[in-house]
Amino acid sequence: MNNKINFLQEKAKWLRKETLKIHKVSADTRLASSLSVVEIFTVLYYGNIINYKTEEPDWSGRDRFIISKGHGAISLYPVLADLGFFDHDELKKVCKEGSFLGSIPDPIIPGFETVNGSLGHGLGVACGVAIALKLKKRKEKVFVLIGDGEMNEGSIWEAIMFAGQHKLDNLILIVDSNKICMLGYCKNILDLEPIQEKLKVFKWNAKSVNGHNVSQLLDALSSLRDYRGKKPVALIANTIKGKGVSMLENDPLNHVKSLKKEDIDAVIIDLP
Amino acid sequence: MTTGIRMMRDIFIEELYGRMHKDERIFFLSADFGSPKLDQLRWKFKNRFVNVGIAEQNLINVATGLAIEGFTVYAYAIAPFLSMRAYEQIRINLAMFSQLKEINVNLVGVGAGLSYDVSGPTHHCLEDISIIRTLPNMIVFSPSDEELARSFVDYSIKIRKPKYIRFDSKKLPVIYKKSDNIQIENGFSQLRRGKKICLISTGVMTHKAIKVAKKLDKCGIDIGIIDLFLLGDFDKTRLVDAVKKYKCVITLEEAFINKGGLDSFILSILDENHLKINLHRIGFKDKYVFDIGSREYLHRLKEIDEDSIVGLIKNIKSESL
């Protein structure tokens, strides 16, 4: 078990570094939002949580992973390349002419399920997928990643009510709770807390973890994956926006902050 | 001409109910909106009917999720709320997404135009043709009678693209017979051939066009009528052939004019085909309708009633043709 945790920790370190390299390729990528989810992506893909086939991205037996906070997902590009969804060289072309890797991913990229970029859509679409899979008596799970700020959108709450009402226990929501929107701390804009309790009263099973602790994430996601409790399940991952980069961490305006190209190599060396 | 005994939506749902017995991939969603015919459907197909509640955004999103898993989905709601409350969901998850993946979601809206006359401007639907038409990859279906509504069921299953259907909520007279064998993909039907002037109407206004033509007959003015029911990317050759002989075309819609609706659809066809035909637009001017009263009363008030249209055509005839 320790070996597995060590492996995941090393993978997370690698992924943080690779994410910064992509940011060096294009400063238009949203770095801080993509750093808070590094451990979540690591555990989902390297912790055997998500089923997939790289040679067949649309394989009907895959778990569906809908990334609703699309702007914060450039850190998934290195994972997908590493696993073989596309060639590693593509990472050098992010946001360049002719590339399929933009600053916000769409399903023109193998491994992405939905059109992303506008917040508040993914969970509702995931509800439809979850119903469809149940009707077809399929065992695959539907994972959805949203941001905490995204929960300001009314459509998220329409979907939360819907999933609870219809007991979508094949639906696993991961909230990247990094506490910061574009213009500052969520609590000063629309205070979402307590998210976990809110989900529970909306008929969900909800847990919270430290979203940078791969061991906690692995335990929680493994148990939620196996959950059969006739409720949708949510994992609130408490994270730090810009995690690992001291220039970004704790800066309430880090959402749109880009690093200077020449600073990135030094930032990579300084990564914890 | 007889008045239909049922509404278009009931005919459509009844036909669909029949298909649901044979085709297990059909799923019906409603945003807490009903119809007498829907009751048998939702009781019979408990697994394939969901009322999402008064939540149009989620209606579209859930429909998308079902569609990307291969279902043929019908999303049913009051037309203005379906087309406008959830516009971005339609834009991203239907129009945009369907360019990358097969998505057969049929938005079934009830209450086109002033169907809900006395409910006021929130329930009037005068923008839907133009705003949905603006979205790439979307097909707009604007039928004038129940036979068209029935025929559209086949088309809606066969054509694996997102569509917006705007049904009138009132019982309308019957125009077509089953034996007419309407081809939806043609997009229109020529109801009458005229001499110099042709009315091109959609939805409920086709019934007005028919009455106008009869009145003008008595004055010796012989106009053509084209019932246009599809607004989207279809082969326009037949439509161009039907229109090109006229000197003047008048579009007639229970919608705002000069806003990208039927008038603009026709104008761009005339333009693309270098047809030098005068175009007149009849519909609502640039104001919402807060006045209370029946549809006919509102039409008179806004001068899109039969007599106003007859007068307008007489003027055109005497002035320019």
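Me: What counts as a helix or a strand here?
Reply: Helices (H or I, at least four residues) and strands (E, at least two) are DSSP runs, numbered from the N terminus. A:Lys179 lies in the loop between strand 3 (171-177) and helix 7 of chain A. This is a predicted model, in which local features need pLDDT of at least 70, side-chain atom pairs count only at pLDDT 80 or more, and totals for chains, interfaces and linings use all residues. Residues are numbered from 1 along each chain as its sequence is written, and chains are lettered from A and ligands numbered from 1 in the order in which they are written.

Me: Why does A:Lys179 count as buried?
Reply: A residue is buried if 20 or more other C-beta atoms, placed from the backbone, lie within 10 Å of its own, exposed if 12 or fewer, and partly exposed in between. A:Lys179 has 20 C-beta neighbours inside 10 Å, so it counts as buried.

Me: Why is A:Asn250 called exposed?
Reply: A:Asn250 has 11 other C-beta atoms within 10 Å, and is therefore exposed. Its place is the loop between strand 5 (233-238) and helix 10 (261-270) of chain A.

Me: What makes helix 1 and helix 2 of chain B roughly parallel?
Reply: Angles under 35 degrees count as roughly parallel, over 145 as roughly antiparallel, 65 to 115 as roughly perpendicular and the rest as oblique. Axes are lines fitted to C-alpha atoms, for helices over the stretch in contact, and angles run from 0 to 180 degrees between N-to-C directions. Helix 1 (residues 8-22) and helix 2 (residues 36-44) of chain B pack at about 20 degrees, so the two are roughly parallel to each other.
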